[in-house]
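Welcome! Here is a short briefing to read alongside the structure.

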Amino acid sequence: MIRLDNLTLTYDRHPAVHHLSGEFCAGSLTAIVGPNGAGKSTLLKAIAGLLAPSSGKVERSSLKKGDIAYLPQQAEIDRSFPLSVFDMVLMGRWKHIGSFGGAGKADVHAAHHALEAVGLAGFERRMLHQLSAGQMQRVLFARLMVQESAVILLDEPFNAIDARTTADLLALVTRWHSENRTVIAVLHDYEQVRARFPETLLMARECLGWGATETVLTPQNLLKARARSEAWDEDAPHCHQAVA
């Protein structure tokens with residue numbers, strides 16, 4: 001479904017991901033983990049098509065732009081904009097409605113159904129700035145639901161939210177996986193990854209392990225990732241791909 005071919009990325013003029021190759025198979029459920037600054041979020045942006053490679057490429061098979069749903073970290077979302085919960089979820093139906101179309105009965109039904117599924121029935125008229133962090137994340141997951149995308153990208157989706165919300169949203173992730181959607185999530189809770197994610201990509205700007213979670217999240221690999229992060233030089237020059 002998604003293949004990385006010798007992918008190198010820079011972010012804010014710093015090297016972020018070095019010569020990464022591998023693939024996310026269709027219907028897979030993969031966690032991307034690693035220390036802070038490992039390039040995890042940068043990689044997710046590249047997969048979403050929001051960041052161009054410095055070298056190498058991201059191959060998305062026959063996927064179209066609307067086939068990929070991307071959830072950024074909450075800190076990147078402006079909640080001061082006067083938008084209701086229902087309108088926020090309905091925005092996820094854009095590929096079905098089109099640029100100049102209006103929301104139909106199916107779109108409205110999908111939005112109501114999604115809000116009910118995430119436990120927010122009755123919150124339709126609530127404004128975004130009135131929500132807690134957990135409620136806001138439920139809204140964003142509802143928006144993902146109505147997009148009906150084949151690929152779902154999640155950037156630290158359970159960071160700074162309560163345990164009940166985390167459990168409910170993890171159940172949705174499991175549901176998407178059972179529907180044969182491809183789900184890729186940046187996470188930091190290794191125990192959560194071991195319990196719920198069968199595949200893992202361990203990064204420290206380069207790949208330190210990619211495959212079955214039990215074979216990737218070994219003490220040796222985690223120690224290597226920590227050592228790499230402690231040795232990083234933020235002023236290092238960009239790593240250029242050699243040209244034959």
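Is S84 buried or exposed? S84 is buried, with a relative accessible area of 12%; buried means under 20% relative accessible area, exposed means over 50%, and partly exposed lies in between (1.4 Å probe, protein chains only). This is a predicted model, in which local features need pLDDT of at least 70 and side-chain atom pairs count only at pLDDT 80 or more, while totals for chains, interfaces and linings use all residues. Residues are numbered from 1 along each chain as its sequence is written, and side-chain values use heavy atoms, with hydrogens and water left out.

**Overall build**

- The protein has nine helices and nine strands; helices (H or I, at least four residues) and strands (E, at least two) are DSSP runs, numbered from the N terminus.
- With a radius of gyration of 19 Å, close to the 18 Å that the globule rule gives for 244 residues, the protein is as compact as a globular protein of that length. The radius is taken over C-alpha atoms, and the rule is 2.2 Å times the number of residues to the power 0.38.
- The C-alpha trace spans about 55 × 40 × 35 Å along the principal axes of the protein.
- Of the 244 residues, 48% are buried.
- Looking at contacts (heavy atoms within 4.5 Å) between residues at least 6 apart in sequence, 70% join residues at least 24 apart.

**Surface and charge**

- The protein carries 25 positive and 26 negative charges, whose mean positions are 4 Å apart. Lys and Arg count as positive and Asp and Glu as negative, while His and the chain ends are not counted; each charge is placed at NZ of Lys, CZ of Arg, CG of Asp or CD of Glu.

**Two domains**

- Domain 1 covers 1–67 + 150–243, and domain 2 covers 77–148; these bounds come from an automatic or database domain assignment.
- Between the C-alpha centres of domain 1 and domain 2 there are 26 Å.
- Where the domains meet, 20 residues of domain 1 are in contact with 12 residues of domain 2.

**Helix α1 and what follows**

- Helix α1 (residues 40–48) is largely enclosed by the rest of the structure, because nine of its nine residues are buried. Among them are K40, L44 and A48.
- After α1 comes G49, with a positive phi near 85°.
- L50 sits in the loop between α1 and β4 and is exposed, at 56% relative accessibility.
- Leaving aside neighbours within four places in sequence, L50 is in contact with K45 and Y70. From L50 to Y70 there are 20 residues in sequence and 9.8 Å in space, C-alpha to C-alpha.

**Residues to look up**

- S84 is in the loop between β5 and α2 (85–90). Not counting residues up to four places away in sequence, S84 touches E124, R125, R126, M127 and L128.
- N6, in strand β1 (residues 2–11), has a positive phi near 50° although N6 is a residue other than glycine. At 21% relative accessibility, N6 is partly exposed.
- S61 is not a glycine either, yet has a positive phi of about 55°. You will find S61 in the loop between β4 (55–59) and β5 (68–71), where S61 counts as exposed at 63% relative accessibility.
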